[in-house]
Amino acid sequence: MTRLRAGVVGAGYVGLTTAVCLAEVDHHTVCVDVDAERVGRLNHGVALIDEPGLPLLLQQGLERETLRFTSDYADLADRDVVFVCVPTPSGSDGSADLSAVDAAVDRLASVLRPGAVLVVKSTVPVGTTRRIAERLRPAGIRVVSNPEFLREGHAIYDFRHPDRIVIGVDDDDAAEVVSDVYGAGALKLRMSPESAELAKYASNAFLAVKVSYTNSLARLCSRVGANIDDVTRCMGADVRIGQHFLRPGPGWGGSCLPKDTAALLHTGRLNDVELPEVESARFTNAAQPGRVAATLTRTMPTPLNQARVTALGLTFKAGTSDVRDSPALTICAELARTGAQITGYDPKLASIDHEQLRRSAIIAVDDPYLAAKEADAIVVLTEWPEFRELNWPLIAEHAPGAVVVDTRNLLDAGLLADAGLTYLGNGIPSGF
Ligand code: NAD
Ligand code: UGA
């Protein structure tokens with residue numbers, strides 16, 4: 001592996017992970033972010049996002065001086081390769097908003113030296129990388145699409161052990177530079193920028209389709225007396241189907257699956273191609289909050305608009321403090337709209353953005369037992385393993401006879417029933 005002078009633009013989940021992992025393998029790395037406060041804290045070794053292994057790598061990079069953070073794009077002037085990792089949120093029509101990417105490219109165009117390679121790691125619609133490449137060609141800057149596939153909560157592990165590294169570029173020399181950054185070992189897939197960009201959206205949308213299909217099957221299971229966990233155990237044993245992404249839940253969320261399915265559909269519309277599988281996955285997902293509300297209405301003696309409901313789990317999945325596009329928050333907001341009073345607990349409450357909780361009308365309580373006090377219903381929304389270990393007989397004393405809706409099938413049904421709670425699992429007989 002050649003030691004490179006690397007640059008990273010954007011110090012969020014993807015950029016910060018990329019920066020610390022490049023520095024770990026001795027690429028001298030400079031990471032630029034427009035948020036000066038963020039830069040200052042990172043230079044003091046404060047990791048800012050909850051990712052296992054990140055604080056140690058950050059500290060090592062700073063100590064060994066293979067890593068530093070800056071707000072000044074001019075510090076990228078001597079870089080061999082620069083990874084663009086800025087956000088691409090949903091615009092109002094579902095398209096990816098490329099304003100941060102365009103702003104970064106504007107700045108890079110004026111500082112990068114001829115021969116440098118700009119790598120687009122942000123998730124961008126088909127055609128973006130070629131458009132940037134055409135713009136930067138006169139300056140002698142090459143541009144490569146290299147989408148990222150890491151999962152939040154496993155970011156460092158996934159960066160070090162990727163299933164595949166996609167290198168989307170026509171120019172062999174630029175492809176070699178990017179390949180060299182990662183070293184040997186991982187499966188590298190070389191393709192056109194267009195294929196690389198579409199492969200990223202196609203992958204995220206396929207994961208969404210798989211989970212929505214599972215959630216639809218779960219509905220059917222509860223109607224016909226089957227058990228979704230057995231059904232998916234059987235499906236997953238078939239290597240052609242695969243065992244992952246077959247867990248029922250409150251719906252898929254997070255900062256990427258929702259926006260990327262919307263952006264893929266937008267690309268389809270621009271090109272007169274319908275993607276009904278993806279449409280329908282989004283439709284199923286949007287119906288999940290209504291499914292929970294209907295279950296509560298059907299099973300609670302108290303009318304929903306007068307009920308006290310406790311949400312256990314607020315993040316979009318376990319292992320992260322991220323609540324962006326969390327199905328838990330969407331469900332709480334929908335229940336609150338009917339008039340229900342919502343208290344919410346999450347093991348990561350201290351790191352969660354409380355403004356987002358307020359917007360979903362959640363009263364945050366930093367103790368699961370207090371959160372459940374006098375609840376008519378308890379809804380398990382995130383699959384935190386510690387929820388299984390809670391003292392459920394004690395919760396039953398705090399909330400006698402409460403209905404427990406377990407969207408993740410996490411809890412011990414027998415134990416809860418013995419404690420006098422009404423347990424409803426997702427896609428199981430006598431569930432919902
Ligand atoms: P993020 O919101 O966590 O971080 C983005 C960072 O970029 C912020 O620190 C912000 O201050 C900075 N920034 C914004 N505009 C900038 C600019 N013009 N110049 C410099 N810095 C700027 O975003 P993220 O979750 O890391 O996502 C980045 C991209 O990677 C998106 O396109 C996303 O779809 C994609 N992606 C994300 C994940 C994930 O798990 N979060 C995984 C794969 C791909
Ligand atoms: C997802 C992809 O898994 C990554 O490969 C991709 O890089 C990333 O998006 C991205 O582009 O940002 P992430 O957003 O971290 O990663 O979340 P996932 O682990 O994919 O989970 C997404 C949602 O699906 C969560 O709400 C989760 O609870 C839900 N899910 C997942 C289920 O309900 N059931 C499952 O079986 C799996």
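Which element gives the most to the shell around ligand 2, and with how many residues?

A: That's α8, with 4 residues. Before the details, some ground rules: this is a predicted model, where local features need pLDDT of at least 70 and side-chain atom pairs count only at pLDDT 80 or more, while totals for chains, interfaces and linings use all residues. Residues are numbered from 1 along each chain as its sequence is written, chains are lettered from A and ligands numbered from 1 in the order in which they are written, and side-chain values use heavy atoms, with hydrogens and water left out.

Now the site. Ligand 2 is surrounded by 21 residues, where a residue gets in if one of its heavy atoms lies within 4 Å. L150, E152, K200, N204 and C256 are the closest. Three of these come with contact distances to ligand oxygens. For L150, a backbone N or O atom is 2.6 Å from an oxygen atom of ligand 2. K200 uses a polar side-chain atom, at 2.7 Å from a ligand oxygen, and N204 also brings a polar side-chain atom, at 2.8 Å from an oxygen of the ligand. On its own, ligand 2 has 720 Å² of accessible area (Shrake-Rupley method, 1.4 Å probe), and the protein covers 93% of that. Two or more residues of the shell come from each of α8 (193–224) and α10 (257–270); helices here are DSSP runs of H or I with at least four residues, and strands are E runs of at least two. By class, the shell splits into 10 nonpolar, 3 polar and 8 charged residues.

On to the charged pairs. Side chains of opposite charge can pair when their charged atoms come close. The count comes to 26 salt bridges, each being a Lys or Arg side-chain nitrogen within 4 Å of an Asp or Glu carboxyl oxygen. One of them joins D106 and R135, with the closest N and O atoms 2.5 Å apart. This pair links distant parts of the chain, since D106 is in α4 (residues 99–111) and R135 in α5 (residues 128–136), 29 residues apart. D106 is partly exposed because its relative accessibility is 41%, and R135 is too, at 44% (buried means under 20%, exposed over 50%, partly exposed in between, with a 1.4 Å probe and protein chains only).

R240 and D238 also meet in a salt bridge, at 2.8 Å from N to O. Here R240 counts as exposed because its relative accessible area is 74%, whereas D238, at 22%, is partly exposed.

Then there's R408 with E383, whose closest N and O atoms are 3.4 Å apart. Elsewhere, salt bridges with shared partners join R3, D26 and R64 into one network.

G420 is partly exposed because its relative accessibility is 42%. The C-alpha atoms of G420 and V403 are separated by 9.6 Å, and the two residues are 17 apart along the chain.

Technical notes:
A polar contact is a pair of N or O atoms within 3.5 Å; within protein, one must be able to donate a hydrogen and the other to accept it, and residues adjacent in sequence count only if both atoms are side-chain atoms. Ala, Val, Leu, Ile, Met, Phe, Trp, Tyr, Cys and Pro count as nonpolar, Asp, Glu, Lys and Arg as charged, and the others, Gly among them, as polar.
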